[in-house]
Amino acid sequence: MIPELGQLALILALLLAAAQCILPLIGAQRGNRALIAVARPAVAGQAVFVALAFAILTYAFVTQDFSVKYVALNSNHLLPWYYRFSAVWGAHEGSLLLWVLILNVWTVAVAAFSHRLPDDFIARVLAVLGFISFGFLLFTVLTSNPFERALPMPFDGNDLNPVLQDPGLIMHPPMLYMGYVGFSVAFSFALAALIGGELDVRWVRWARPWTNIAWAFLTLGIALGSWWAYYELGWGGWWFWDPVENASFMPWLIGTALIHSQAVTEKRGSFRAWTLLLAIFAFSLSLLGTFLVRSGVLTSVHSFASDPTRGLFILGFLTLVIGGSLAIFAARAPKVSGGEPFAAASRETLLLINNLLFAGAAAMVLTATLYPLLGEALNLGRISIGPPYYGLRFVMFMAPVVLLMPFGPFLRWRSGDWRAALRSLMPALIGAVALAIVAAVIARIVADGLPFKAIVGAAASIWVGLGIGLYALSRLRTAPPGRRYTPEMLGMILAHFGVAIFVAGVLIVEATNIEKDIKLAPNETVEIGGLAFRFDGVKSAAGPNFKADQGTLTVLKGDAVVATLNPQKRQYSRGTQVQTESAIDPGLFRDIYVALGEPIGTDGAWAVRIYVKPFVRWIWLGALFMMLGGFVAAADRRFRALPAAKRETERALMTPARAQV
Amino acid sequence: MSARYLPLAGFALVLALLGFGIYWSQKHDPREVPSPLIGKPAPQFSLPLLDDPSRKIGTAELAGQPYLLNVFASWCFACRDEHPILMSDGTRLGIKLVGFNYKDEPADAKRWIAQFGDPYDVTIADYAGDVAIDFGVTGAPETFLVDAKGIVRYKYISPITPEVIATELLPRISILKKEAGG
């Protein structure tokens, strides 16, 4: 009975979403206050029913109601309690419900914090959000009902995909969706502005913190996914350019461009059409990502649920949302123009370059992701594009970003001075070059020479890190106390510092990591990267719902034990596949990473993968700084309110103008 | 055409490509992955009977007659869809139906068969899943058609349906019988 209530709640939410979309939109067009006033109650009602449906599905998992097909397929009685919660979004139907829930969280937040905005504007914003929610709820109800019963009721459930039985995966999807879906706010603001024709800059100022928060969540979600792939897949890699990873990365790239272009539009009034377009793109790519993951069009190690018929529905929905919004853009965009002129040497120019590079990188990732499909369409045969393809092209886009980034804060708006900026940055430049030379010389003397990539990475990191540090210092010296670091500026400093850490991590680990696949007999010792690894054999171990072969490796430096590592090969009780659990000795400057391969022969020997990865943690540490920057910048009070007096004047100025029309 | 229509045009291209993708992935069933075993001898095996683990049956005992090897498990949901079909249409096949119990607790498997019925002439248990690896089993249910000489002639992934029996299995079985008779 209770699961049917969940289904009913979903249907009621669907109807309320329809009301939230249609009525306020008509109200805003006709100036009908009563219809406009429907928006907020509809938002609240829809959110209540979606939350109820979500709670009921969670309840079904916690109480192990295997009569619900989705529960039976994705959990069993041995599943530990904490995974019963995350199992809710362990497969297609539930993750869709999570998507809708998070969209509702964002919508409620918009409805609650938007009382200072014009009513007709916010009515259009909520209507757009209602339309998106309607589409996803319809999709859920028609094609992916999580409350479908399994009759006859199975004796026990299948199991949650063992790959997903991991702490990192509990938080990865919600964070990722917070980001994905969060871009819907900027999107609906852009559309509301286009539909209403009110293309002044206020909507941008108001949308900025939302974009920053969505971007910060997306950063965290991607970082969590990457960290999970690193320790869970057992390959020691942290990014695979897999279609599903790309699906989350494209909105991130466009989102990064959007954050910067919104800043320009809000402060200088320039790039208006471009900002609108980026807002549409960022969310469109989020939708496209959902399509790619859910439709089964592209196969990937990550697609846990795929079904072509569902693909058709999403394709139709994509056509409506993306096609529709781009058509509105095409019709209305010419009206969006203006902004103040700027010189070639100005912060605007740098941010424009930033935008073009990030958008270019996103376009590159998109075409490469779709390339295999294009190959089939044009009958070129199977084409597969590997990480080297992406790696090279991505670096081509990002190298100028890293090179130019420190100049940004030092160049003034409108008309800046390159030479003055370079003078200010001289210590960073000297530091970077000096470090490169010293490192190269020392490496030449001590070892066979440090790889070129590692030196470049360290130098780039110093350049960006010192560059942003110098800017922080110059604010400390020149700006009046109290106004030295606004949250917006502090957020920028933190995020750019994060880039410095990230760049160091990526390039150093790529250049200097050691990977060895070797056969080890019990008590055999192998020397890798100045460390001795002693294989102490494999024993059986057991967890709540799995049996495992657990190896023991003792890592020694001289006679001192550095770490004792226990990698496992797990066989989940109901699963068919063997799951590799790597064991890692983490460190700020290096990770020691071991994973079990297969047993070899009968004398207890195993194939063992041993990796030493210097600076690998800096990759995620950098991402955390970027995320923090996004949140801090969003906290700036400037975004939240226009000065009351100024609003009055604006109103006063607006009324007669309208009266004349 | 004005530049402001460019995004729309670009999207139309992507859309066309995605539409093609759906069309293509529906025409090409990923289940149709051909098994490298087809046309080659079935892997050598000898596995205990589910009912009587002290007795073993394998390639040697099964040779001389064509047989259908059906991979199933009590934990497998799709097998529950397939099972009634095997119960009702299994005898129509006219060849030996060998149940291949895959990575299953024997007690679970026996209870499952007691509950849903036993369509198999004989059921062997691959508790460790080693033989399944030799057969290239990716999951359950999967079905292999092996001829009298022990050659794998056909493989089907996912639950068998009456249509599969009529259009895929029976025509192939009648050929096998002719070969065996001739």
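Biologist: How far apart are the end C-alpha atoms of helix α3 of chain A?

Modeller: Bear in mind that this is a predicted model. Helix α3 of chain A covers residues 39-62, which is 24 residues. At 1.5 Å a residue the helix should span 34 Å, and the distance between its end C-alpha atoms agrees: 34 Å.

Biologist: Which residue with a positive phi follows α3(A)?

Modeller: The phi in question is near 55°. The residue that follows α3(A) with this value is A:Q64.

Biologist: How are α6(A) and α7(A) oriented to each other?

Modeller: The axes of α6 (residues 92-112) and α7 (residues 119-143) of chain A come within 10 Å and cross at roughly 165°. Angles over 145 degrees count as roughly antiparallel, so α6(A) and α7(A) are roughly antiparallel.

Biologist: How many nonpolar residues does the contact of α6(A) with α7(A) have?

Modeller: The crossing of the two helices is left-handed. Residues of α6(A) in the contact include A:L96, A:W99 and A:L103, and those of α7(A) include A:L129, A:I132 and A:F136. By class, the contact has no charged residues and 4 polar ones, and the nonpolar residues number 14.

Biologist: What is the radius of gyration of chain A?

Modeller: Chain A has 20 helices and 10 strands, and its C-alpha atoms fill a box of roughly 95 × 75 × 55 Å along the principal axes. For 661 residues, a compact globule would have a radius of gyration near 26 Å. The value for chain A agrees with that: 27 Å.

Notes:
Residues numbered from 1 in each chain as written. Chains lettered and ligands numbered in written order. Predicted model: local features only at pLDDT ≥ 70, side-chain atom pairs only at ≥ 80, totals over all residues. Axes fitted to C-alpha atoms, helices over the stretch in contact; angles between N-to-C directions. Helix = DSSP H or I, 4+ residues; strand = E, 2+ residues; numbered from the N terminus. Parallel < 35°, antiparallel > 145°, perpendicular 65-115°, else oblique. Left-handed = near helix turned anticlockwise from the far one by under 90°. Contact = placed C-beta atoms within 7 Å. Nonpolar A, V, L, I, M, F, W, Y, C, P; charged D, E, K, R; others polar. Expected span 1.5 Å × (residues − 1). Rg over C-alpha atoms; globule rule 2.2 N^0.38 Å.
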